Amino acid sequence: MTSPAPEDVLSRQQILLAVACTAIALLIGAKLWQRVGAIPQLPWRWQPELAIAGLGVAIGVLLLSRLCYQLWPGYRQSSDFYLAIVLKPLTWADLLWIGLLPGLSEELLFRGVALPAIGLNWQGVLISSLLFGSLHLGGRSQWPYALMATGVGLVLGWTAVETGNLLLPITAHICINWGSALWWKLDHDRDRP
């Protein structure tokens, strides 16, 4: 897989607008699904131990992702292709939004509403994780990236069911996004002339 062609690269403003619009669309989708289906959202309550556990989950996922990146060429290629499109034009400060908006909106939809709608059990975790993974499938060659996202969705879904609280998966998801973006930016900013 090659790097994105220049015509495939979006500007910084286009990426930030796309991230914001996608986050808003996911939040609206979650609220509509919740209202139409009379689905109670999984609660989101502050518990410091769950925030710390979310950070621990994020570190574990980041280390596993990094290992896969190093050992699995298909995953490395699909990650580099996707992240080059999304991250290359962004500044370091922009990475705050890249972590926060998708992490929050995706968790509210997939673990906050979809999981209770499907079922707070292993089948619900599996189906909501497959839906989450499919959101990360940008094309046939992106299947390794989507497979990793599905695996992350399984972990986040399981933590939501086990704790009955969205705090842990939200914290983990935001930290995974930030960590992945920082790691990729550090690796690839060194490669620039």
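Here is a short walk through the model, stop by stop.

Before you click anything: this is a predicted model, so local features need pLDDT of at least 70, side-chain atom pairs count only at pLDDT 80 or more, and totals for chains, interfaces and linings use all residues. Residue numbers start from 1 along each chain as its sequence is written, and side-chain values use heavy atoms, with hydrogens and water left out.

**Stop 1: the largest pocket**

Helices here are DSSP runs (H or I, at least four residues), numbered from the N terminus. The space inside comes to about 1,100 Å³, a volume filled by probe spheres set on grid points that are joined across faces, edges and corners. As for "pocket", picture a 1 Å grid over the protein atoms alone: a pocket is an open set of points where a 1.4 Å probe fits, with protein on both sides within 12 Å along at least five of seven lines, and lining residues have an atom within 4 Å of a point.

Colour the lining by class and you get 30 nonpolar, 12 polar and three charged residues. Nonpolar covers Ala, Val, Leu, Ile, Met, Phe, Trp, Tyr, Cys and Pro; charged covers Asp, Glu, Lys and Arg; the others, Gly among them, are polar.

**Stop 2: the aromatics**

Now select Trp72, Tyr75, Tyr82, Trp143 and Tyr145, which form one aromatic cluster. The whole structure has five aromatic pairs. Rings of Phe, Tyr and Trp (its six-membered ring) pair if their centres lie within 6.5 Å; planes under 30 degrees apart are stacked, over 60 edge-to-face, the rest tilted. Trp72 and Tyr75 are stacked, because their centres are 5.9 Å apart and their planes are at 25 degrees. Trp72 is partly exposed at 29% relative accessible area, while Tyr75 is buried at 5% (buried is under 20%, exposed over 50%, partly exposed in between, with a 1.4 Å probe and protein chains only).

Tyr75 also stacks with Tyr145, at 6.5 Å centre to centre and 15 degrees between the planes. That pair links distant parts of the chain, with Tyr75 in α3 and Tyr145 in α6, 70 residues apart. Tyr145 is buried as well, at 15%.

**Stop 3: a charge over a ring**

Jump to Arg111: its charged end sits over the ring of Phe132, 4.4 Å from the centre. The test asks for NZ of Lys or CZ of Arg within 6 Å of the ring centre and within 35 degrees of the ring normal.

**Stop 4**

Pick Asn177 in α7 (residues 167-189), buried at 18%. Beyond its neighbours within four places in sequence, Asn177 is in contact (heavy atoms within 4.5 Å) with Ile98, Gly99, Pro102 and Gly103.

Then take Thr159 in α6, buried at 5%. With neighbours within four places set aside, Thr159 is in contact with Val57, Gly164, Leu168 and Pro169.

**Stop 5**

Finish at Ala38, in the loop between α1 and α2. Its phi is near 50 degrees, positive in a residue other than glycine. Most residues other than glycine have a negative phi. Ala38 is exposed, at 64%.

Terms used
Helix = DSSP H or I, 4+ residues; strand = E, 2+ residues; numbered from the N terminus.
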